[in-house]
Amino acid sequence: MRGPGGRVFASFGAGRWQVFRSLELPSALTQANAAVHTAAALAVVGAVVAELPAGSTEGMAVLVLSSAQFYNFEPAALWCAAITTAIGGLVTVYLAQAIFTRLAKLALRTSSLPTGDH
């Protein structure tokens, strides 16, 4: 039980597991929330960039590269590829956030605070 919060919980008779569930887990969820947002956004970027050295003949990276070569003649193709990739990233971030929020609510619902009754 580290920190003053853990000592306060211990003074109310909370055990290690109760301190973890009621104090440390909710505190850690804020950092995990930021990590989920970042990882979801970077996953889409990583998927597009990973297509390039793989020698793929299909996919968003190939579409972006081929439409960039013909941007002067057909600018709509590049914009369509870029907007579709951005929408895919947004959908991925919001889907990951929805899953994380549901799991966080489930984790916090099981936590219980000590009452001080001995």
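Reader: At which residue does helix H2 bend?

Author: Happy to start there, with the note that this is a predicted model, where local features need pLDDT of at least 70, side-chain atom pairs count only at pLDDT 80 or more, and totals for chains, interfaces and linings use all residues. Residues are numbered from 1 along each chain as its sequence is written, and side-chain values use heavy atoms, leaving out hydrogens and water. Helix H2 covers residues 16–51; helices are DSSP runs of H or I with at least four residues, numbered from the N terminus.

Reader: What pattern does the protein follow along the sequence?

Author: The protein has four helices and zero strands, a strand being a DSSP run of E with at least two residues. Read in sequence order, the pattern is α-α-α-α.

Reader: Is Val 49 buried, partly exposed or exposed?

Author: Val 49 sits in helix H2. Buried means under 20% relative accessible area, exposed means over 50%, and partly exposed is in between (1.4 Å probe, protein chains only). Because its relative accessible area is 48%, Val 49 is partly exposed.

Reader: Which helix gives the largest share of the nonpolar patch?

Author: The patch is made by Leu 42, Val 45, Val 49, Leu 52 and Leu 65, and has a surface of about 460 Å². Three residues make up the largest share, and they come from H2.

Reader: Which residues of H2 are buried?

Author: Across the protein, buried residues make up 15% of the 118 residues. In H2 the buried ones are Val 19, Arg 21, Ser 22, Leu 25, Leu 29, Ala 40 and Val 44.

Reader: Is Ser 67 buried or exposed?

Author: Ser 67 has its place in helix H3, residues 60–69. Because its relative accessibility is 5%, Ser 67 counts as buried.

Reader: Which backbone oxygen lies 2.7 Å from a polar atom of the Ser 67 side chain?

Author: A polar atom of the Ser 67 side chain lies 3.2 Å from the backbone oxygen of Val 64. At 2.7 Å, the backbone oxygen is that of Leu 63.

Reader: Which residues does Ser 67 touch, not counting those up to four places away in sequence?

Author: A contact means heavy atoms within 4.5 Å. With residues up to four places away left out, Ser 67 touches Ala 77 and Leu 78.

Notes
The bend at a residue is the angle between axes fitted to the seven residues ending there and the seven starting there. Patches are made of residues with over 30% relative accessible area and no salt bridge: like charges are joined within 9 Å, nonpolar side chains (Val, Leu, Ile, Met, Phe, Trp, Tyr) within 5 Å. Accessible areas come from the Shrake-Rupley method with a 1.4 Å probe; for residues, only the protein chains shown count as cover. A salt bridge is a side-chain nitrogen of Lys or Arg within 4 Å of a carboxyl oxygen of Asp or Glu. A polar contact is a pair of N or O atoms within 3.5 Å; within protein, one must be able to donate a hydrogen and the other to accept it, and residues adjacent in sequence count only if both atoms are side-chain atoms.
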